[in-house]
Number of protein chains: 4
Amino acid sequence: MWQPQNPNYQVRCQDSFSRQPLMAFIGAILAKVEPGVCEIHLPYRKELTQQHGYLHGGSMAMLLDATAGYTAFTLIPEDATMLTVESKLNMLRPGIGSTFIGAGQIIKAGKTLTIVQADLYAVSDTGKKNHCATSIQTLMTMVGMSDEHQVNNNQLETKI
Amino acid sequence: MWQPQNPNYQVRCQDSFSRQPLMAFIGAILAKVEPGVCEIHLPYRKELTQQHGYLHGGSMAMLLDATAGYTAFTLIPEDATMLTVESKLNMLRPGIGSTFIGAGQIIKAGKTLTIVQADLYAVSDTGKKNHCATSIQTLMTMVGMSDEHQVNNNQLETKI
Amino acid sequence: MWQPQNPNYQVRCQDSFSRQPLMAFIGAILAKVEPGVCEIHLPYRKELTQQHGYLHGGSMAMLLDATAGYTAFTLIPEDATMLTVESKLNMLRPGIGSTFIGAGQIIKAGKTLTIVQADLYAVSDTGKKNHCATSIQTLMTMVGMSDEHQVNNNQLETKI
Amino acid sequence: MWQPQNPNYQVRCQDSFSRQPLMAFIGAILAKVEPGVCEIHLPYRKELTQQHGYLHGGSMAMLLDATAGYTAFTLIPEDATMLTVESKLNMLRPGIGSTFIGAGQIIKAGKTLTIVQADLYAVSDTGKKNHCATSIQTLMTMVGMSDEHQVNNNQLETKI
């Protein structure tokens, strides 16, 4: 349904993802990249939990932030990067599972702003899937701004 | 202005915080706990950044989730714990600094629901403070539910 | 999929809707009420527009607030009413059309809190449907509180 | 603190407000316009209430939408108009009063996006002020797009 502007979008998403130190730190994997769609998988680790042993709300928010980002990233031009403008997250159920999946899909892709829905599912050892959180996020396409190199902060401020 | 229901609230907050593996994992410190107010400090680490070297949006969300949680936690009764219901986060500026501060304050503390504002500031080596993100979060007081022990998920579902 | 707790839920929704003066004032019609689902229709009126002749963002918010409310209302017990806790609205396209439809569906119905997605569509004279806004809302079931009679505000404060 | 780009911003705000049919329909008054600050007053009318006689949540959302819009409008260039991108609203207390005040202030004014906080207060006959709702909204400055004349929808779509 969505048409990528960069035919090489999958390689570019994986490459950008691999340059985010946070994703390696938490053990996240970019598992699926299609036009307007993305999935990030996060295996359970005790380090990501809260006091009751559930996935921490902050870990949920982190996973969904990256999920929405790479969902939007699938559709941007080659000479652009993405910035998150805002996000809204509703927790639905405690994060109990052996793997957590962030699943994103584009609601609207505009010239400047892209709206993404990103949902979090907890998958148990037996494959049972639980819908744990849902989020809506707004991202901004930064044309003429490199994803690969250091961005000049002043240049960035004049665009946002 | 706010009156804690548990005179021992500071010890209880620090104790609960120390039982969140995620907080130790990212290197966060519960720096201030007062009635209806809380500050969590997060020293810069490359592991928490995105591709441009800024604090990752997911790290911002994580820090603000914990900040709002412990802000609300300062006011709850002794036999209760808190759950985050939802959060809304606006990114204002890139996270560039040597320390990041999550600062929370209660907007409304109700019997069941508490509304918290949590802001993120980046502090540079020279002490310059930049307002990087603002969030509003809703939390639910779970009376009769332990913060210290494993929570029964079915019991939890019957309350939320 | 959803099971109403009150077999008489449709009559009760229509009755409650008819007691909201705002709905009559703007000319809204409760067009569909099913378990966990609701549709409110709002015919175009110049009084509801902004300076460019589009449906005002405030009118969108108003329609979606009522839509989410009656979506949640379909599932509550007979001796209860609903309160909106919070809502998040993303505008997707200008509101241009002859009728506007608020369409709600429940994402999660909990004992205390219900999460609803409510979308706004603009329908043109030729039947073309445009997705203009999407919202996520949290509502609270107020058990033991009448929908029909005046609510005591102090009683209400002790529950929220 | 904020510097308007258009010295004539107050007249321009009042003029734009007067061209919004919804504001006249609900009886709203643009009571204060300063750089980055705005107040809209809404006298109580039964037509704006819900079934318990309180100000309808939809009326709250409507008042805050307009409040955030004109708060952002105070700072835009002469050849521009504003669009609301998204809003998040937390209801804090029932809307009981003889006048309702929407009070907006800018959190960040960027080149493209402006973040506004808008709060709703209910004022009783005796002058008692109650904080009933708080919202955060994101607005987009549409440069080269008239506030006064009909906007071409296709032109608009290529910018958002």
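Hi everyone, let me start with the interface of chain B and chain A: together they bury about 3700 Å², and carbon and sulfur atoms give 56% of that. Buried area here is the accessible area, taken with a 1.4 Å probe, that two parts lose on being put together, summed over both. On the chain B side, Phe25(B), Gln51(B) and His52(B) lose the most area to chain A, together 20% of what that side buries.

A quick word on the model. It is a predicted one, where local features need pLDDT of at least 70 and side-chain atom pairs count only at pLDDT 80 or more, while totals for chains, interfaces and linings use all residues. Residues are numbered from 1 along each chain as its sequence is written, chains are lettered from A and ligands numbered from 1 in the order in which they are written, and side-chain values use heavy atoms, with hydrogens and water left out.

Back to chain B. How many of its residues are in contact with chain A? There are 46, and they touch 46 residues of chain A, where contact means heavy atoms within 4.5 Å. By class, that side of chain B has 18 nonpolar, 18 polar and 10 charged residues. In this scheme Ala, Val, Leu, Ile, Met, Phe, Trp, Tyr, Cys and Pro are nonpolar, Asp, Glu, Lys and Arg are charged, and the others, Gly among them, are polar.

Now the polar side of things. Between chain B and chain A there are 20 residue pairs in polar contact, both residues at pLDDT 80 or more. A polar contact is a pair of N or O atoms within 3.5 Å; within protein, one must be able to donate a hydrogen and the other to accept it, and residues adjacent in sequence count only if both atoms are side-chain atoms.

Which elements of chain B give two or more residues to this side? They are α2 (21–26), α3 (57–73), β3 (80–91) and α4 (153–157), and β3(B) gives the most, with nine residues. Helices (H or I, at least four residues) and strands (E, at least two) are DSSP runs, numbered from the N terminus.

Strand β3 of chain A, residues 80–91, pairs with β3(B) in the antiparallel sense over five bridges; strands pair if DSSP finds at least two bridges between them. Lys88(A) has Lys88(B) as its bridge partner.

The chains also share two salt bridges, meaning a side-chain nitrogen of Lys or Arg within 4 Å of a carboxyl oxygen of Asp or Glu. One joins Lys88(B) and Glu86(A), at 3.3 Å from N to O.

Let's turn to chain C. Glu86(A) forms a salt bridge with Lys88(C) too, with the closest N and O atoms 3.2 Å apart. The count between chain C and chain A is two salt bridges, along with six residue pairs in polar contact. Here β6(C) gives the most to the side that touches chain A, with four residues.

In this interface, 12 residues of chain C are in contact with 12 of chain A, and about 1100 Å² is buried, 62% of it on carbon and sulfur atoms. Lys88(C), Leu92(C) and Lys108(C) lose the most area on the chain C side, together 38% of what it buries.

Finally, symmetry. A rotation of 180 degrees with 0.0 Å of shift along its axis superposes chain C on chain A, with RMSD 0.0 Å. That is the relation of a two-fold axis. Superposition is by least squares on C-alpha atoms of residues with pLDDT of at least 70 in both copies. Lys88(C) comes closest to the axis of all residues of chain C, at 3.6 Å (C-alpha). And 100% of the interface residues of chain C are also interface residues in chain A, so the copies meet through the same surface.
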